[in-house]
Amino acid sequence: NAEYGEEFVDMYQQIFSKGDAKSFASLTFKSFDRNGDGGVDFKEFICALYITSRGNVKQKLNWAFNLYDIDGNGNVSRDECLNIIRSIHTMMANKSETPEVIVEKIFKTLDKNADGVISKSEFVEGSSKNPLISSLLNVN
């Protein structure tokens, strides 16, 4: 339901009023919508809210991986990572590094086999062991 998505985006825009939250809110809404029906039902919302606010590091990293894996193919490409980092960058008032620099750091650290994508295991294992990456991914 597009109406719910618009309300979700409006809510994010109010929270992050100094930047443009539309892109990140849309991507977050998609990650909350686990069954892909275009809406976020109560169960989906509560589960996502619990994981993002009270979940342990592994739960948060699994959720974050699903957010970054926009096409759902089980890997995060540079383009997907850049899309998310750009959306966070436009939403935040403090912009210390460019999205491209941040993505380079993430890939340099997490893409252990240098195949140009980050698998879920690389993402979770590498992020949980690296506080800098966890902070760049906003999963602390």
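This is a predicted model: local features need pLDDT of at least 70, side-chain atom pairs count only at pLDDT 80 or more; totals for chains, interfaces and linings use all residues.
Two aromatic rings of Phe, Tyr or Trp count as a pair if their centres lie within 6.5 Å, with the six-membered ring taken for Trp. With that criterion, a search of the whole structure returns 9 aromatic pairs.

Let me begin with the aromatic residues. One aromatic cluster is formed by Phe-8, Tyr-12, Phe-16, Phe-24, Phe-29, Phe-32, Phe-45 and Trp-63. Please keep Phe-45 in mind, as that residue also belongs to a nonpolar patch on the surface, together with Phe-42, Ile-46 and Leu-49. The accessible area of these four residues together is about 380 Å².

I turn now to helix α3, which covers residues 42–54 and holds Ile-46. Is Ile-46 buried, partly exposed or exposed? Its relative accessibility is 38%, so Ile-46 is classed as partly exposed. Glu-44 is also found in helix α3. Here the relative accessibility is 7%; because buried means under 20%, Glu-44 falls in the buried class. Between the C-alpha atoms of Glu-44 and Asn-66 the distance in space is 14 Å, while the separation in sequence is 22 residues.

Next, the cysteines. How many disulfides does the sulfur distance criterion give? The count is 0. Cys-47 has a relative accessibility of 39% and is therefore partly exposed. Cys-81, in contrast, is buried, because its relative accessibility is 1%.

Cys-81 brings us to helix α5, where it is listed among the buried residues. This helix runs through residues 78–91, 14 residues in total. From its first C-alpha to its last, helix α5 reaches 20 Å, close to the 20 Å expected at 1.5 Å a residue. Which residues of α5 are buried? They are Glu-80, Cys-81, Leu-82, Ile-84, Ile-85, Ser-87, Ile-88, His-89 and Met-91.

Finally, I would draw your attention to Lys-30, which is located in helix α2, residues 22–32. Lys-30 and Arg-86 are separated by 56 residues in sequence, and their C-alpha atoms lie 17 Å apart in space.

Methods
Residues are numbered from 1 along each chain as its sequence is written. Side-chain values use heavy atoms; hydrogens and water are left out. Patches are made of residues with over 30% relative accessible area and no salt bridge: like charges are joined within 9 Å, nonpolar side chains (Val, Leu, Ile, Met, Phe, Trp, Tyr) within 5 Å. Accessible areas come from the Shrake-Rupley method with a 1.4 Å probe; for residues, only the protein chains shown count as cover. A salt bridge is a side-chain nitrogen of Lys or Arg within 4 Å of a carboxyl oxygen of Asp or Glu. Helices (H or I, at least four residues) and strands (E, at least two) are DSSP runs, numbered from the N terminus. Buried means under 20% relative accessible area, exposed over 50%, partly exposed in between (1.4 Å probe, protein chains only). Rings of Phe, Tyr and Trp (its six-membered ring) pair if their centres lie within 6.5 Å; planes under 30 degrees apart count as stacked, over 60 as edge-to-face and the rest as tilted. A disulfide is a pair of cysteine sulfur atoms within 2.5 Å. The expected span of a helix is 1.5 Å times one less than its number of residues.
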